[in-house]
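This report is meant for someone meeting the structure for the first time.

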Amino acid sequence: MRIPFPVKAVLSAIVCAVLAFVYIPLIIVVINSFNASQSLGWPPQSFTFEWWIRAFSDRGALSALGTSLLVAACATVIALVLGTLASLALDRFEFFGKEAVNLLVVLPIALPGIITGIALNNAFTTMLGWKLGLLTVITAHATFCIVTIYNNVFARMRRLSGNLRDAAMDLGADSFTTFRLVTFPQLRSALLAGGLLAFGLSFDEIIVTQFTAGAGVQTLPIWIFDNMFRPNQAPIVNVIATFLVIVSIIPIMLANKIGGKAATGAA
């Protein structure tokens with residue numbers, strides 16, 4: 001299909017405009033993290049590493065970073081277990097309401113974050129009687145992290161042939177042995193890619209966290225939100241924001257690379 005040059009030029013201009021609108025503000029944040037001016041005057045007159053040194057010696061920021069890492073790690077582990085089990089069940093078995101269950105599994109990530117946050121807040125405080133804290137944040141993050149694991153593993157299971165699994169069962173292997181020696185090796189890359197995506201998704205989540213964290217829990221995105229309008233903290237916030245961008249990009253890049261290699265190998 002040949003696209004006329006004027007149409008191609010217009011489409012290219014639109015793509016460039018959209019990419020510029022998305023990424024130029026991120027580039028400005030990165031540049032401002034080295035801006036020597038505390039008022040973040042633009043354009044920068046000089047550059048410094050002072051804000052980076054102060055950011056990584058700030059007790060509040062380091063505490064929030066540790067909380068975010070703990071929450072993301074725990075939510076990812078829970079999601080790996082539950083998402084894998086859900087995908088295996090929905091791939092192997094046929095039952096009434098299967099499509100409805102599939103919809104319910106992926107729904108949390110499709111709903112607006114504020115709706116999910118309100119629903120989970122009501123469930124924790126009203127129905128279960130839990131006090132909002134670290135446990136409720138981990139549980140809330142696991143609900144939408146499950147979706148990334150489920151989607152990756154379910155898609156991989158759809159591409160795999162069941163012949164190896166059936167052969168293993170015919171040769172006397174029980175269900176656990178078949179999963180450990182046959183199914184799991186074929187799912188490792190999908191699990192790793194899904195786990196990286198789930199970790200990145202949990203690490204920089206803020207909307208659901210605001211509704212489920214309680215007074216004593218502060219993750220890194222919440223710390224940024226609380227400090228971004230304080231003039232003396234603005235340069236440090238830019239440093240932490242730059243760090244968050246890097247931390248968010250790396251898992252996505254690795255997940256895409258792993259998923260691409262796995263798809264090529266399966267093909």
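This is a predicted model: local features need pLDDT of at least 70, side-chain atom pairs count only at pLDDT 80 or more; totals for chains, interfaces and linings use all residues.

Which residues does T116 touch, not counting residues up to four places away in sequence? With those neighbours set aside, T116 touches P108, L111 and V208, where contact means heavy atoms within 4.5 Å.

Residues are numbered from 1 along each chain as its sequence is written, and side-chain values use heavy atoms, with hydrogens and water left out.

T116 is found in helix α5; helices here are DSSP runs of H or I with at least four residues, strands are runs of E with at least two, and both are numbered from the N terminus. Because its relative accessibility is 9%, T116 counts as buried, a word that stands for under 20% relative accessible area, whereas exposed stands for over 50% and partly exposed for what lies in between, with a 1.4 Å probe and protein chains only.

Helix α5 consists of 15 residues, 113–127, which at 1.5 Å a residue should span 21 Å, and the 20 Å between its end C-alpha atoms agrees with this; the expected span is 1.5 Å times one less than the number of residues. The buried residues of α5 are T116, G117, L120, N121 and F124. Seen down the axis of α5, these buried residues fall within an arc of 130 degrees, so they line one face of the helix, the arc being that of the directions from the helix axis to the C-beta atoms. An α-helix has 3.6 residues a turn, so residues three or four places apart point the same way. On the face of α5 turned away from the buried side are the exposed residues T126 and M127.

What covers the buried residues of α5? The cover includes α4 (98–110), α6 (134–159) and α9 (207–212). Within helix α9 lies T209, which counts as buried because its relative accessibility is 0%. Leaving aside neighbours within four places in sequence, T209 is in contact with V137, H141, T219 and I222. After α5 comes G129, whose phi is positive, near 70 degrees.

**Aromatic pairs**

A search of the whole structure finds seven aromatic pairs. Rings of Phe, Tyr and Trp (its six-membered ring) pair if their centres lie within 6.5 Å, and planes under 30 degrees apart count as stacked, over 60 as edge-to-face and the rest as tilted. Two of the pairs are set out below.

| Pair | Centre to centre | Angle between planes | Arrangement |
|---|---|---|---|
| W52 and F56 | 6.1 Å | 20 degrees | stacked |
| F124 and W130 | 5.5 Å | 5 degrees | stacked |

**The chain as a whole**

The protein chain has 11 helices and zero strands. Its C-alpha atoms fill a box of roughly 70 × 65 × 30 Å, taken along the principal axes. Of its 267 residues, 34% count as buried. Among the contacts of the protein chain with a separation of 6 or more, 70% come from residues 24 or more positions apart. The accessible surface comes to about 15500 Å², of which 71% belongs to carbon and sulfur atoms; this area comes from the Shrake-Rupley method with a 1.4 Å probe.

An unreviewed UniProt entry lists several spans as "transmembrane region", including residues 132–155 and 233–254, and such annotations may be inferred rather than shown by experiment. In the model, residues 132–155 are 92% helix and 0% strand, with end C-alpha atoms 35 Å apart. Residues 233–254 are 95% helix and 0% strand, and their end C-alpha atoms are 32 Å apart.
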